[in-house]
Amino acid sequence: MRGTARPSGLPAFLLLAPSLLVLAIFAVALGALFQFAFLEFIPGSLKTGGLTDKNFRAVLAPQYLRYIWDTVVLSAATTVLALVASYPIAYALARAESRRLRSLLLVLTLAPFFTGAIVRTYAWMLVLGSSFITWPVKLLFEPSGVLVGLVHFSMPTMILILAAAISHVDTTYERAAASLGASPRRIFWRVTLPLTMPGVASGSLVVFAWTFSAFPTPELLGGGKVKMIANVVKDLALDSFNWPGSAAFAAVALVLTLGLLALLGRAIGTRGV
Amino acid sequence: MMARTVVQLERVTKSYGAVRALDAIELAVYEGELLSLLGPSGCGKTTTLNVIAGFVEPDAGRVSIDGSDVTAVPAYRRGLGVVFQSYALFPHMTVGDNVAFGLRERGMSRRDAATRVGEALALVRLPGMADARPQQLSGGMQQRVALARALVIRPRVLLLDEPLAALDKKLREDMRAELRDIQKTVGITTIFVTHDQHEALGLSDRIAVMNAGRIEQLGVPREIYERPATRFVADFIGASSVLTARVLDGQTVELPGGLRLAVDLGRPLEPGRTVELIVRPERVQLGGAGGNAMAATVASVMYLGDHTEVRVTLAGGLRILAAVRGAVALNAGDAITVAIAPDAFLVPGERPAGEGRG
Amino acid sequence: MAGRLVVAALLLFMTLPTVVVIVASFNATAILSFPPQGVSLRWYENALTYPQFRKAAVNSVIVTAASALLALPVGTAAALALVRHRPRAATALNAMLLSPLVIPGVAAGLGFLIVAAGLGLLQSRWILIVAHVVLVLPFVVRSVAVSVANLDPMLERAAASLGASPWRAFRRVTLPLLRPGLFAALLFAVIVSMNEFVVSLFISTRVNEILPVAMFTYVVNYTDPTMAALSTLFIAATFVVVFVADRLLDLSRIFQIGGRH
Ligand SMILES: Nc1ncnc2c1ncn2[C@@H]1O[C@H](COP(=O)(O)OP(=O)(O)OP(=O)(O)O)[C@@H](O)[C@H]1O
Ligand SMILES: [Mg+2]
C-alpha cells in the first residue's frame, strides 16, 4: 500500500537498517581493495608504501595483458557453447507437459548448481584425466579442458534464464504460426527464438560476466598452465603476497564485470537478471 | 424519524497524487440501517469504506463513530467488522480459527470462543464447518465465513466492500436476500459498497450515489429511482432515455425535431427553459394510444426472458429505450406507435432558473 | 525424436562428472582406473577420518549455521521493506542488495582479506561468517520477496479489522504465510554458504578453513579417490536437499518456469 495508507509494522528505514549495515561492511571491504590497488608494493612485506599507479601499469604489461585476453576468449567461447547446449534443455524444461518430467529435468539441471564449485571441478578432473576415458587429445590442463568445465559450470544458470524466458512465450503464438502453415522448424526460427531473444541476451551476458571472473575451474583444470584473471589475482595475493598488485588486477576484473552487467541492464531494461 | 447517527464523515478528503479519490465527503449513517455506497468504478467507494475502517488516513476531514472522533484511531482499535471483496480468509487457518480470530485477539478463552464461533456459523447457515479449510469451500460458503468472522466480534458497524461481486448471478441473488435477513436479525448498522444498482435498490434502507469522489445523491431507494437529483444519477440508476427539450409553456415542451410533448411534473415548467427529460424504459408504451403518441421505427429488439428491450427511433432521429414484459412480436424496421404518459417524465434535480439555457 | 536425443545427450553431459565421481569413489586402488579394479569403501573411511576434513567440517557447520541464521532475519526485514513499503529508492536498494551476486569472488575475497588482516581477524571464524552473510543475503532477499509479493495485503487488513495490532497481525498472519518463502531462503542460504569457495579461500587459514577450502587443498596435493568419496557424500546430500525442496516448494514456481500452456 502506498501513500498514507497505513502500512503495517515497522517503518521502512528500520526494516532496512540491518541489511544496510551488512552492505556497508561489504563496501568497506571493496573500498580497502581499491585503496590497496593504489598503494606501492614492498616485496617481502605485507606493509605498503605510498600512493602509486604502478600496479595498474603492471596489469597492462604484455605478460599480464595476455591473461586478460585469454580470459576474454575463454569467456566468449564459453558463452556461445553454453547457449547452444542450454537452449534444448531449457526448451524441454519450459514446455514439459507433466510436473513430474519438469521436476526431473529441473533437479538434473540444478543439482550440479548446488553441488559446489570444488566437487564439480574435481569431477571434471577425473573425467578429463586419462584414467577413465582415453581421449584422443590431451584435455586436462589444456584450454580445451578448461573450456569444457566452464561450459558445464555455466549451463545451469543459462538454462534457468532461458527456461524462464521460454515459459513467458505464450504457446498460442506457436499454435497460431502452426495454423498458418509453418513447420516446427520454421516456427522455432521465426516465432520462438525471436520472442526469447531477451532471455538469450541476458543469459549470455550473465554467463559472460560470471565466466570472466571464474576461478576454481581454470585453477584446477588449467593446472597452472591455463590462467584467467582470477587465477592471477589469487597467485599474486596468496602466493606472492603482492596484495597491491593483486588488488589492481581484482579491481580491473570488478570494473569490467560491472561494466558488462550495466550494459546488460541497458540492453534489456530493468527486468532483473 | 430522527435515528441516532453512528458513523459520521465530515468534509473527508483524500487524494492519491493528482487523483482526488474523495472530495469533501459528508455522510451520516444511522443506527441499524443498511446504507449502500453506489457508483461506477473508481468513484471512491472503497476509499470511503477504508477511511471509515481506518485502513486509509484522510488528508482532511473528520471521521466519528458514536460521536467520538476516531480519525486518528488505528483500524485495530475501531471495533468495526469488515467483509472484503476477496473475502481475505486466512488460508493457513481452519474456518473455525478464522471466525475465532477476532475473539482470541480480544483475549477470549478457546472454549468461550468455540461457543460463539458455533453460533456465528449457524447464523450464516454453515453449522459444523469449523474444521474445514477455507480453500475447500465454494465462493458462496467463503462469503458466509467472512461474514461470520466479521459479525462474531459484535462490531459497532459492519462494512462490506462488494461482498457479492465474486459470486455468479444466481448465488449473488440468493446471498443478497440472505445478507438482508441476517442484517435485519442482528440489527447491525451496515455500510455496503456496490456498483450494481439492482443490488443497491433491493438491499438498502438508503443509498448514497457516488461519482468522482463526491456524493451525488443520498436518499431512500424509491427517491433515488423516481426523483434522481442529477442526470448522472438518473443515468446510472436504470437505463433511461434522456431527451433535451425546450419548454413552450407550463405543460408543453418541444423536441429538437419539432415534436411537441405534454409534460406533467405536478408543477408548471418555466417557459423558455431547456430541460432534460428522463424516461424510464418501462414507462414507454409500444403501440399504445395513451398521451403523447408518436410514430416511430423499431431499431432493435433484445429478448431478455422476463422482459424485452426495444430501441425505437422517433421522427427526428431521437432514440428511446422501451421495456416490455415478456416477449413482443416486433422486428427491426417495423413502424409502430409509442406513447409516453405526461406524468412519466422526470426532470433531474431542482435547478436554479436559467441554468442550461442557450 | 531427434530433439529428444539431443536433450538426452546434453543431460548426459551435465551428469557425466557426477557419475564418474561416484564410480571413482568406490575404486579399490589409489590409482584411478576404469573399469574399477574391485570395490572398496576405504576412501569413505579415509574421507571421514582425515583430521583436516573433520576440523573443516566443524568450521563449515558453524559458519553456515551462523551466517544463515543471521542473514534470514536481516534479509526478511529488507524484503518486507522493499515489497510492502516501496521506499523511494527501492530500485537502487534492490540492486545494492543483490550486488554481492555479481561482484567477482576474488575481488570480494581480497577485500575481506585486507580488512581481516587490518583487524587481526585472520584466524577467526567471524570474518568468514560476516563474508558469508554478505554473499547469502541476496538469495534470502529474493526468496522472501517473492513470498511477500504473493501475500494478499488484505489479509493484514482483515486481521486489523478483527482487532489485531500490527505486531499481532505480523505474528499470526504474515509470518505463518511467509513460511514457505522463509524455508526456501534458509535452504538457499545453507546451500550457498556450504559451497562457498572463492571468497573463503582468501580469508581461510588452516585454523578456520571450511570444507570446500580443505577439499581444494587436498585436490591440489593428493590424487587418491578420498576426494571422490567426500564428493559423493556431498552430491548425495545435495540431491536429497534439492529433491525435498522441489517436493515442498515446487522449484519451477520459484524460478518462474512452465505453467503457461
Ligand atoms: N492506493 C492507491 N493509490 C493510488 N490511487 C488510488 C489508491 N486507491 C485508490 N486510488 C484511486 O482513487 C480513486 C478511487 O478509488 P476506489 O478504490 O475508492 O474506487 P471504487 O469506487 O472502490 O472503484 P471500484 O468499483 O473499481 O472498486 C480511483 O481513481 C483510484 O485509482
Ligand atoms: Mg472498490
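Reader: In what order do the six strands of the open sheet in chain B lie?

Author: Strands are DSSP runs of E, at least two residues, numbered from the N terminus, and helices are runs of H or I, at least four residues; two strands pair if DSSP finds at least two bridges between them. In this predicted model, the order in chain B is 6-7-8-3-9-10, with mixed pairing. Strand 6 (81-83) and strand 10 (214-219) of chain B are the edge strands, each pairing on one side only.

Reader: How many bridges join strand 3 of chain B to strand 8 of chain B?

Author: Five, and the two strands run parallel. Within strand 8 of chain B, B:Val193 stands opposite B:Leu37.

Reader: Which strands does helix 1 of chain B touch?

Author: Contact means heavy atoms within 4.5 Å. Helix 1 of chain B touches strands 3, 6, 7, 8 and 9 of chain B.

Reader: Which element gives the most to the shell around ligand 1?

Author: A residue is near a molecule if one of its heavy atoms lies within 4 Å of it. Helix 1 of chain B gives the most, three residues. By class, the shell has five nonpolar, five polar and two charged residues.

Reader: Which polar side-chain atom lies 2.5 Å from an oxygen atom of ligand 1?

Author: A polar contact is a pair of N or O atoms within 3.5 Å. The atom belongs to B:Ser41. A polar backbone atom of B:Gly42 is 2.7 Å from an oxygen atom of ligand 1.

Reader: What are the conventions here?

Author: Residues are numbered from 1 along each chain as written, with chains lettered from A and ligands numbered from 1 in written order. Local features need pLDDT of at least 70, side-chain atom pairs count only at pLDDT 80 or more, totals for chains, interfaces and linings use all residues, and side-chain values use heavy atoms, without hydrogens and water.

Definitions and conventions. A polar contact is a pair of N or O atoms within 3.5 Å; within protein, one must be able to donate a hydrogen and the other to accept it, and residues adjacent in sequence count only if both atoms are side-chain atoms. Ala, Val, Leu, Ile, Met, Phe, Trp, Tyr, Cys and Pro count as nonpolar, Asp, Glu, Lys and Arg as charged, and the others, Gly among them, as polar. Axes are lines fitted to C-alpha atoms, for helices over the stretch in contact, and angles run from 0 to 180 degrees between N-to-C directions.
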